[in-house]
Amino acid sequence: MDGTSTVLQLAIENGARRMIFASSLAAMLPPPKGEMLTERSPTSAVIPYGESKSAGERLILDASRQLPAMVLRIGGVFTDWCELPPLDSLIRPWVGGFPLNRIVAGHGNTAIPYIHRDDLVGLLRACIDQSDRLGAHEVLLASQHGSVSHLELFDAIREALPKLERVRPIFVSATTATIGLTLKLSLGLITRNPPYERRWMLQYIDRPWIADTSYTRNILGWDCAQRKGILDRLPTMVDHYLHQRLLWNQRSRARTSAKYLYTSDSDYQS
């Protein structure tokens, strides 16, 4: 957190108007069944990533007495080339061959809210435009309203594949998923190509993160654009994966290795 503290101090010393902190929806635990996460939901330090974001949010809150601040709890950011590791790890097997193309963990209810990169840019612009009328400390949800489950993603991906009959998923228990992930992690050690998945993720099978973004949308006068939802863009993503695999892999590797370089989706044609 030394880096965040340093940036905050420099911002205060140099008279910055507001700090915008990029947090994550993963900083909150999935809500109880039948409930939704809101901007007022508390953060959690159960997983390392969530712990670091929670610590950053605490620093921002303390500093807001001197510097107005805004915390964006961001959902799964994707582009038309995916560039989102948890989504990439689903698309690859589900577009592949039997039996992995049918395997879905739990009952398929694992879910997170997503947001297209273009919509995230639009939200940031709205934050800047509306900054003067916001409170000294605001927490906002940067994602779609609700969430999208693994089963919905599975159906959309299979539907986007050309000339293939619709297949039913094979649901596997958390125990079976644990065995499969253990084998996958072991293979990753041997090949020096570790997978994205980690053991701690298993505890969230069928525990969806569902976001109620009403406050954020109302206070900013902003919403995700039509036809930019994850299910709307999946046919384009699948087409890119099938026909421009080299570019897909280049962009995915850069994102996964934290060497992300912005490249417009329009720079490449399907």
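Trainee: Leaving aside its neighbours within four places in sequence, which residues is Leu185 in contact with?
Mentor: This is a predicted model, in which local features need pLDDT of at least 70 and side-chain atom pairs count only at pLDDT 80 or more, while totals for chains, interfaces and linings use all residues. Residues are numbered from 1 along each chain as its sequence is written, and side-chain values use heavy atoms, with hydrogens and water left out. Contact here means heavy atoms within 4.5 Å, and with neighbours within four places set aside, the contacts of Leu185 are Pro195, Glu197 and Arg199.

Trainee: Is Leu185 buried or exposed, and what is its relative accessible area?
Mentor: Leu185 belongs to helix 6, residues 174-191, where helices (H or I, at least four residues) and strands (E, at least two) are DSSP runs numbered from the N terminus. The classes are buried at under 20% relative accessible area, exposed at over 50% and partly exposed in between, with a 1.4 Å probe and protein chains only. Leu185 therefore counts as buried, its relative accessible area being 15%.

Trainee: Which side chain of opposite charge is nearest to Lys53, and how far away is it?
Mentor: Lys53 lies in helix 2, and beyond its neighbours within four places in sequence it is in contact with Phe21, Ala22, Ser23, Ser24 and Ala27. A salt bridge requires a side-chain nitrogen of Lys or Arg within 4 Å of a carboxyl oxygen of Asp or Glu, and for charge Lys and Arg count as positive and Asp and Glu as negative, with His and the chain ends not counted. Lys53 is buried yet has no salt bridge, and its nearest side chain of opposite charge is Glu57, at 8.4 Å.

Trainee: How far apart are the end C-alpha atoms of helix 2?
Mentor: Among the buried residues of helix 2 are Gly50, Ile60 and Ala63, and their cover includes helix 1, strand 1, strand 2 and strand 7. The expected span of a helix is 1.5 Å times one less than its number of residues, so the 16 residues of helix 2 should span 22 Å, which agrees with an end-to-end C-alpha distance of 23 Å.

Trainee: How many residues apart in sequence are the parts that Asp80 and Arg233 tie together?
Mentor: Side chains of opposite charge can pair when their charged atoms come close. Asp80 and Arg233 form a salt bridge with their closest N and O atoms 2.9 Å apart. Asp80 lies in the loop between strand 3 and helix 3, and Arg233 in helix 8, so the sequence separation of the parts tied together is 153 residues.

Trainee: Are Arg17 and Asp132 buried or exposed?
Mentor: Arg17 forms a salt bridge with Asp132, the closest N and O atoms being 2.7 Å apart. Arg17 is in the loop between helix 1 and strand 1 and Asp132 in the loop between helix 4 and strand 7, so the pair ties together parts 115 residues apart in sequence. Whereas both Asp80 and Arg233 are buried, Arg17 and Asp132 are exposed.

Trainee: What is the relative accessibility of Asp88?
Mentor: Asp88 forms a salt bridge with Arg92, their closest N and O atoms being 2.7 Å apart. The two are 4 residues apart in helix 3, which means that about one helical turn separates them. Arg92 is partly exposed, at 28% relative accessible area, whereas Asp88 counts as buried, with a relative accessibility of 12%.
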